[in-house]
Amino acid sequence: EEIRPQFEAKYSKKERMNPISGKPEPYQAFADKCSRLIVSASGIFFMICVVIAAVFGIVIYRVVTVSTFAAFKWALIRNNSQVATTGTAVCINFCIIMLLNVLYEKVALFLTNLEQPRTESEWENSFTLKMFLFQFVNLNSSTFYIAFFLGRFTGHPGAYLRLINRWRLEECHPSGCLIDLCMQMGIIMVLKQTWNNFMELGYPLIQNWWTRRKLRQQYGTQKKTTFPQWEKDYNLQPMNAYGLFDEYLEMILQFGFTTIFVAAFPLAPLLALLNNIIEIRLDAYKFVTQWRRPLASRAKDIGIWYGILEGIGILSVITNAFVIAVTSDFIPRLVYAYKYGPCAGQGEAGQRCMVGYVNASLSVFLVSDFENRSEPTSNGSEFSGSPLKYCRYRDYRDSPHSPVPYGYTLQFWHVLAARLAFIIVFEHLVFCIKHLISYLIPDLPKDLRDRMRREKYLIQEMMYEAELERLQKERKERKKNRKSYHNEWP
């Protein structure tokens with residue numbers, strides 16, 4: 001592969017012999033390469049920290065807004081404060097995602113040029129990896145927060161954790177965190193795909209309309225109709241400098257968004273399928289009627305995208321294992337059915353075995369132990385006729401009269417151990433099935449692999465025969481020269 005002109009101009013003063021071609025070529029010192037990689041990695045880390053800071057800002061917004069909506073005058077918003085907070089937070093998060101995407105492309109381009117890659121393929125791989133990391137973290141950071149951190153560190157009644165000692169940290173919806181996760185994924189996925197389709201087709205349409213308008217003003221309507229076809233094609237929008245990079249990136253991000261949390265949002269593959277059906281037709285129309293004809297270039301494979309797909313596949317298996325084990329109620333229900341329910345010790349689980357599960361998943365809290373700032377506005381006498389002394393909340397904690405009030409019960413540790421065991425078994429089982437399928441369905445068919453080996457064998461045989469023929473010819477010439485040399489003597 002040829003060296004990039006930028007690399008050759010930068011390091012033309014220092015050359016080294018290429019061990020393969022045997023020709024001198026520009027050489028980048030190891031210390032210079034390491035220093036540039038360190039600066040580039042620092043830039044990537046800084047931009048990821050910016051994304052995390054944006055997510056933290058969204059968390060603060062959710063914490064402040066949920067309390068504001070809960071005290072709202074309108075009953076509709078007050079009764080649905082959790083849903084309203086999640087919906088507005090997702091829309092704000094989507095706006096931040098789209099704004100940061102514009103910045104990421106410039107930062108990735110700057111950091112890639114700073115590294116001074118040697119060849120074009122190295123430059124493309126470096127730029128692709130940076131853009132993917134930026135976009136992936138930007139798109140999925142808030143989703144990871146909702147799936148694995150939301151409601152996990154709020155404390156318990158009487159000892160809530162608060163932000164700036166004022167706002168209580170947000171908890172999940174009473175039905176579980178999966179509702180918040182589904183809403184987050186559904187809104188972002190629909191909005192992002194709609195925005196991408198508009199930018200891919202709407203933006204070229206507007207640009208071409210503006211170009212045609214300027215041509216009509218400059219040449220008139222009659223002159224425009226006499227333009228040759230090549231000039232009409234030239235007036236279309238040029239293809240971007242990165243070729244099909246944006247198309248690849250869109251599909252890879254969609255693949256990650258579809259597979260990583262598919263256990264929490266099973267509708268994602270259907271939305272992706274519908275989007276891709278529309279996307280194929282929009283791309284066909286865009287390439288044929290709105291863009292100039294792209295320059296064709298040969299490619300051996302899809303490059304670093306294959307490794308990124310492999311990484312997303314591994315991450316999706318681990319993430320779905322955590323979603324099933326930690327975010328959903330699948331494991332607590334199994335533990336109750338086999339260990340604490342009516343069927344405990346019988347080795348079976350059915351509908352009747354779940355009787356009493358809700359009661360077992362709730363802990364008891366003494367109302368008098370409430371903090372001053374968390375005291376309820378009513379003592380509950382309007383419901384039961386007398387002031388309520390106890391209330392219930394979702395957790396596995398001891399009663400307030402136990403030796404260790406509000407400490408974790410044995411059922412909590414059983415559920416935690418079952419969750420960890422499920423994660424390990426699930427991911428190992430899926431990976432084993434994956435490798436088994438990869439072994440049973442090879443990348444290359446057997447007949448194609450045999451033809452490639454046959455071709456390689458023929459090439460080696462031809463090279464051997466050509467080298468043997470060359471050596472025999474040289475041997476004959478040496479014998480002939482030696483004979484003519486001896487004949488010159490008397």
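In the predicted model, Asp450 and Lys446 form a salt bridge in which the closest N and O atoms are 3.2 Å apart. Both residues belong to helix α16 and are separated by four residues, about one turn of the helix. Lys446 is exposed, at 59% relative accessibility, whereas Asp450 is partly exposed, at 33%. Helix α16 spans residues 446–487 and also contains Arg478. Together with Arg475, Lys479 and Arg482, Arg478 forms a positive surface patch.

Twelve salt bridges were found in a search of the whole structure. One of them joins the side chains of Arg4 and Glu120, with an N to O distance of 3.7 Å. This pair links distant parts of the chain, since Arg4 is in the segment before α1 and Glu120 is in helix α5, 116 residues apart. Arg4 is buried, with a relative accessibility of 5%, while Glu120 is partly exposed, with a value of 39%.

A salt bridge is also formed by Arg118 and Glu25, whose closest N and O atoms are 3.0 Å apart. Here too, distant parts of the chain are linked: Arg118 is in the loop between α4 and α5, Glu25 is in strand β2 (residues 24–26), and 93 residues separate the two. Glu25 has a relative accessible area of 16% and is therefore buried, the limit for that class being under 20%. Arg118, at 24%, is partly exposed. A network of salt bridges links Glu247, Asp283 and Lys286.

The loop between α4 (81–115) and α5 (120–148) also holds Gln116. Phi of Gln116 is positive, near 55 degrees, and the residue is not a glycine. Most residues other than glycine have a negative phi. Gln116 is buried, with a relative accessible area of 14%. A positive phi, of about 60 degrees, is likewise found at Tyr406, which is not a glycine. Tyr406 is placed in the loop between β8 (390–394) and α15 (410–440), and its relative accessible area of 11% makes this residue buried.

A negative surface patch consists of Glu1, Glu2, Glu122 and Glu124. Glu1 lies in the segment before α1 (5–10) and is exposed, at 65% relative accessibility.

Asn240 is located in the loop between α8 (229–234) and α9 (245–259). Its relative accessible area of 27% places Asn240 in the partly exposed class. The C-alpha atoms of Asn240 and Trp291 are 9.6 Å apart, although 51 residues separate the two along the chain.

An unreviewed UniProt entry assigns the feature "transmembrane region" to residues 44–71, 83–104, 132–151, 252–274 and 302–326. In the model, residues 83–104 are 100% helix and 0% strand, with the end C-alpha atoms 31 Å apart. Residues 252–274 are 65% helix and 0% strand, and the end C-alpha atoms of this span are separated by 16 Å.

Technical notes: Residues numbered from 1 in each chain as written. Predicted model: local features only at pLDDT ≥ 70, side-chain atom pairs only at ≥ 80, totals over all residues. Heavy atoms only, no water. Patch = residues over 30% accessible without salt bridge, like charges linked within 9 Å, V, L, I, M, F, W, Y side chains within 5 Å. Areas by Shrake-Rupley, 256 points an atom, 1.4 Å probe, with all protein chains shown as cover. Salt bridge = Lys/Arg side-chain N within 4 Å of Asp/Glu carboxyl O. Lys, Arg positive; Asp, Glu negative; His and termini not counted. Charge placed at Lys NZ, Arg CZ, Asp CG, Glu CD. Buried < 20%, exposed > 50% of the residue type's maximum accessible area, 1.4 Å probe, protein only. UniProt positions renumbered as here; feature names shortened; annotations may be inferred.
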